[in-house]
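Please examine the sequence and the model, then work through each solution in order.

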Amino acid sequence: QVQLVESGGGLVQAGGSLRLSCAASGSGFSIENMGWYRQAPGKQRELVTTINTDGRSNYADSVLGRFAISGEFRKKMVNLQMGSLKPEDTGVYYCYAEIRQYGRTNLKMYWGQGTQVTVSS
């Protein structure tokens with residue numbers, strides 16, 4: 001069974017930094033890509049950043065230049081370094097992984113439980 005566990009997050013003042021980590025557990029699968037979504041109160045979940053096994057990453061315009069994703073796919077981990085944080089970065093951050101079970105061709109998305117990030121002004 002695949003599980004994603006996030007760590008990090010918390011309360012920080014505007015302009016500060018935080019680091020989130022996410023680790024996948026289980027066996028019998030490979031990870032194609034990982035990343036982070038976030039959901040602010042009263043808003044829809046939005047994509048923040050992704051990274052694939054080739055190291056290619058994408059970022060939402062709102063975080064470009066401030067956030068950096070790094071993947072350690074052999075360890076089944078992904079990290080998100082967040083800098084120059086703004087109050088609008090506040091929300092629950094969800095790690096995801098697109099996973100291929102051995103012997104199967106389809107990809108399945110798994111989610112972490114979410115971790116709260118609060119940026120005070």
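**Exercise 1.** How many bridges join strand 4 to strand 9, and do these strands run parallel or antiparallel?

*Solution.* The model is predicted, so local features require pLDDT of at least 70 and side-chain atom pairs pLDDT 80 or more, while totals for chains, interfaces and linings use all residues. Residues are numbered from 1 along each chain as its sequence is written, and side-chain values use heavy atoms, without hydrogens and water.

Step 1. Strands are DSSP runs of E with at least two residues, numbered from the N terminus; two of them pair if DSSP finds at least two bridges between them.
Step 2. Strand 4 covers residues 29–39 and is joined to strand 9 by 10 bridges, in an antiparallel arrangement.

**Exercise 2.** Determine how strand 4 is connected to strand 5.

*Solution.* 
Step 1. Strand 5 (residues 46–52) runs antiparallel to strand 4, with 6 bridges joining them.
Step 2. Asn33 has Asn52 in strand 5 as its bridge partner.
Step 3. The two strands form a hairpin with 6 residues between them, and Gly42 in the turn shows a positive phi of about 75 degrees.

**Exercise 3.** Describe the disulfide (a pair of cysteine sulfur atoms within 2.5 Å) and its surroundings.

*Solution.* 
Step 1. The structure holds 1 disulfide, which joins Cys22 to Cys95 with an S to S distance of 2.0 Å.
Step 2. Cys22 lies in strand 3 (residues 18–25) and Cys95 in strand 9 (residues 91–101), 73 residues apart, linking distant parts of the chain.
Step 3. The link of Cys22 and Cys95 is left-handed, with -80 degrees about the S-S bond.
Step 4. Buried denotes under 20% relative accessible area (exposed over 50%, partly exposed in between; 1.4 Å probe, protein chains only). Cys22 is buried because its relative accessible area is 0%, and Cys95 is likewise buried at 0%.

Methods
Helix = DSSP H or I, 4+ residues; strand = E, 2+ residues; numbered from the N terminus.
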